[in-house]
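Visitor: I would like to take a close look at a single part of this protein model. Could you guide me through it slowly?

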Amino acid sequence: MFFVWLKRYVPRGIYGRAALILLLPVVLLQLVVVVIFAQRHFEGVTNQMTDTVLRELAQVLEVVAEAPARDDVAAAVQQSLGRLAIEVTPVPAEAVPAANSYLWYDYSGRVLARRLAARLPEYRAVDLSDGGLVDLYLQTGKGPLKLRFDRRRISAANPHQLFVYTVFFGVVLSLIASIYLRNQLRPIKRLARAAEAFGRGRHEPYSPSGAVEIRAAGNAFIDMRARIERQMEQRTLMLSGVSHDLRTPLTRMRLGLSMLEDDEAAALLQDVEDMQRMLDEFLNFAKGAAEGEPERVDPHVLMAEVVEDARRAGRDVTLLPPEGDGTGTVKLRRIAIRRAVDNLVSNAVRYGARAEVSVMLSDKTLRIRVEDDGPGIPEAQRVEAVKPFSRLDPARNQDKGSGVGLGLAIATDIARAHGGVLRLGESSRLGGLRADIVIAR
């Protein structure tokens with residue numbers, strides 16, 4: 001529970017997480033090595049070299065103190081300590097800098113400035129802006145002096161190169177590792193796309209590749225997909241055979257009843273029609289969303305066709321203006337979506353007086369909404385309502401229709417086959433049932 005707050009900062013994708021697992025230890029290791037090396041090498045070496053220069057500066061200060069006048073300081077130091085190669089120049093007080101000056105990446109410069117300030121009472125400031133020289137300002141009995149000498153005498157040369165090399169090679173190696181990592185994760189993404197496409201009712205070509213474990217998962221997916229497709233094919237063939245066998249006796253019964261008197265045959269003919277309708281609904285449910293191939297469809301045009309067909313059949317259905325300004329096409333199974341919406345419209349006009357259909361298309365989702373003014377479905381029974389052969393007496397009057405409870409189940413199955421969902425709610429416009437088919441684009 002302590003690390004729960006970290007979830008919002010951790011990448012959600014497998015590539016981002018794998019890169020984090022790969023790069024985080026490398027970066028931390030480089031930081032630790034740089035810090036330890038800087039402390040143990042650059043700081044230690046700089047302190048030792050600074051102490052050596054401090055001893056030479058002590059000799060210079062002795063000569064300065066013995067000089068007869070301020071103007072004779074430079075000549076006295078050059079005559080007595082010329083071998084030290086330290087140039088001494090008297091400067092006015094206003095020429096002494098108020099603070100140290102060095103480049104932003106000059107790590108050893110900060111170290112030697114602290115060392116000089118701690119060990120040299122006469123110290124006032126140091127100027128390291130010129131990478132090759134040190135300008136040291138001291139306050140002596142002869143007034144302010146500027147001492148100039150070679151930077152190599154007091155600190156390690158180019159201490160920032162360690163940081164530059166570390167960062168440069170760290171970035172190069174991280175890029176190389178990222179390329180190999182992307183190649184290793186690509187088969188996982190291909191497997192995910194193939195599985196997602198199969199869940200949406202599409203058969204996307206896929207061949208296992210990558211590491212042994214990924215190949216094993218890919219082979220398991222191919223076997224599973226093949227078994228499911230064989231099962232669906234066998235079910236379709238079986239139901240087609242059953243449909244053919246049942247339609248034949250129903251046709252004979254209808255022909256036989258047509259020879260009887262109308263008064264005697266009317267009720268039996270109605271029973272035969274009900275049996276035919278129930279058989280058709282059952283076969284439509286068994287087919288699911290497997291009918292037709294996915295194609296690019298304009299949902300606004302498709303819903304206009306569905307509503308027009310429903311109006312020609314005598315149903316009171318209205319197509320509302322599009323919600324939002326979304327346009328374009330969506331990859332759908334045209335026949336399956338028409339069947340799903342037609343079932344929703346049929347339920348709407350069966351249990352209500354009128355229905356309204358609307359389409360909302362955005363960059364990410366497609367929503368097809370069917371609303372009616374019927375009694376609706378209580379919230380506690382909506383999960384049960386989408387199950388096959390489920391008929392809710394309190395919510396729907398059975399005298400108003402002869403369905404077998406497959407309308408919502410068929411719509412749910414088709415929505416799921418497109419990677420979407422069927423949501424039931426209460427219509428705020430008409431007061432009845434609101435059914436939404438929501439599909440990701």
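Which residue stands opposite glycine 425?

Guide: Glycine 425 stands opposite arginine 434, a residue of strand E11. A word on the source comes before the rest: this is a predicted model, in which local features need pLDDT of at least 70, side-chain atom pairs count only at pLDDT 80 or more, and totals for chains, interfaces and linings use all residues. Residues are numbered from 1 along each chain as its sequence is written, and side-chain values use heavy atoms, with hydrogens and water left out.

Strand E11 (residues 433–440) pairs with E10 in the antiparallel sense over 6 bridges, where pairing requires that DSSP finds at least two bridges between two strands, and where strands (E, at least two residues) and helices (H or I, at least four) are DSSP runs numbered from the N terminus. Leucine 433 of E11 is the bridge partner of glutamate 426. E10 and E11 form a hairpin with 6 residues between them, and glycine 431 in the turn has a positive phi of about 85°.

Both strands belong to an open sheet of 5 strands with mixed pairing, in the order E6-E8-E9-E11-E10. Strand E6 (317–319) and strand E10 (421–426) stand at the edges with a single partner strand each, so one side of each is left without a neighbour in the sheet.
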